[in-house]
Amino acid sequence: MTTHRFFATSDATYEAMRAAVDSAWGYPTAHTLTCVPPAAEQWHDAEGRVVIALTLDWLAWEPVPSMIGGAIAAGAVTEIDEATFWRAAPMPET
């Protein structure tokens, strides 16, 4: 069963989309600062792109689906597979 979709994008695009969703959802609040962590706190792939896994539920809440669809169509966001997402995971320190 698919529970997530996976995406990669530049820090600038990620931050612009994060700010737009925060604004639409009324963040920050007393309990929630932002919809997702800042780009600097997210995993990055070998190309330097932010990679993120989003639940299907999260992807159903506007303005997320329209923004993701538009960003993919414009080439600003790339949908990636789960294996590509996990390859960006930081290696544990030994």
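Reply: Let's start with F6, W43, F85 and W86, which ring pairs link into a cluster. A pair here means rings of Phe, Tyr or Trp (its six-membered ring) with centres within 6.5 Å; planes under 30 degrees apart are stacked, over 60 edge-to-face, and the rest tilted. Bear in mind that this is a predicted model, where local features need pLDDT of at least 70 and side-chain atom pairs count only at pLDDT 80 or more, while totals for chains, interfaces and linings use all residues. Residues are numbered from 1 along each chain as its sequence is written, and side-chain values use heavy atoms, with hydrogens and water left out.

F6 sits in strand β1 (strands are DSSP E runs of at least two residues, helices H or I runs of at least four, numbered from the N terminus). With 10% relative accessibility, F6 counts as buried (under 20% relative accessible area, with exposed over 50% and partly exposed in between, for a 1.4 Å probe and protein chains only). Skipping residues up to four places away in sequence, F6 touches I52, A53, T78, E79, I80, D81, E82 and F85, where contact means heavy atoms within 4.5 Å.

Searching the whole structure turns up seven aromatic pairs. One to zoom in on is W25 with W58: the ring centres are 5.2 Å apart and the planes are at 75 degrees, so this pair is edge-to-face. The two partners come from distant parts of the chain, W25 from helix α1 and W58 from the loop between β2 and α2, 33 residues apart. How accessible is each one? W25, at 23% relative accessibility, is partly exposed, whereas W58, at 16%, falls in the buried class.

W58 also leads us to the core. The largest nonpolar core has 16 residues, and F7, L54, W58 and I68 have the most contacts inside it; such a core is a set of buried Ala, Val, Leu, Ile, Met, Phe, Trp, Tyr and Cys residues joined through side-chain atoms within 4.5 Å. At least two residues of this core come from each of α1, β2 and α2. There's a second, separate core of six residues too, with A8, V51, F85 and A88 among them.

L54 is worth a click. Leaving aside neighbours within four places in sequence, L54 contacts T3, H4, R5, F7, L59 and I68.

I68 belongs to helix α2, which spans residues 64-74 and has V64, I68 and A71 as its buried residues. Looking down the axis of α2, those buried residues fall within an arc of 70 degrees, so they line one face of the helix (the arc is taken over directions from the helix axis to the C-beta atoms). What do they pack against? The buried residues of α2 meet β1 (4-9), α1 (11-25), β2 (50-55) and β3 (77-80). On the face turned away from the buried side, α2 carries the exposed residues A73 and A74. Just after α2 comes G75, with a positive phi of about 85 degrees.

Now for the hole. There is one cavity of 30 Å³ or more in the whole structure, and the largest cavity holds about 190 Å³ of space. A cavity is a set of points on a 1 Å grid, over the protein atoms alone, where a 1.4 Å probe fits but cannot get out, and lining residues have an atom within 4 Å of a point. Of the 16 lining residues, Y14, M17, L54, W58 and I68 are closest to the centre. β1, α1, β2 and α2 each supply at least two residues of that lining, and α1 gives the most, with four.

While you're in the loops, check two prolines. In the loop between β2 and α2 you'll find P63, and the peptide bond from E62 to P63 is cis, with omega near 10 degrees. The loop between α1 and β2 holds P28, joined to Y27 by a cis peptide bond with omega of about 5 degrees.

Conventions:
1 Å grid on protein atoms, 1.4 Å probe; cavity = no way out; pocket = protein on both sides within 12 Å on 5 of 7 lines; lining within 4 Å. Points joined across faces, edges and corners; volume = space filled by probe spheres on them.
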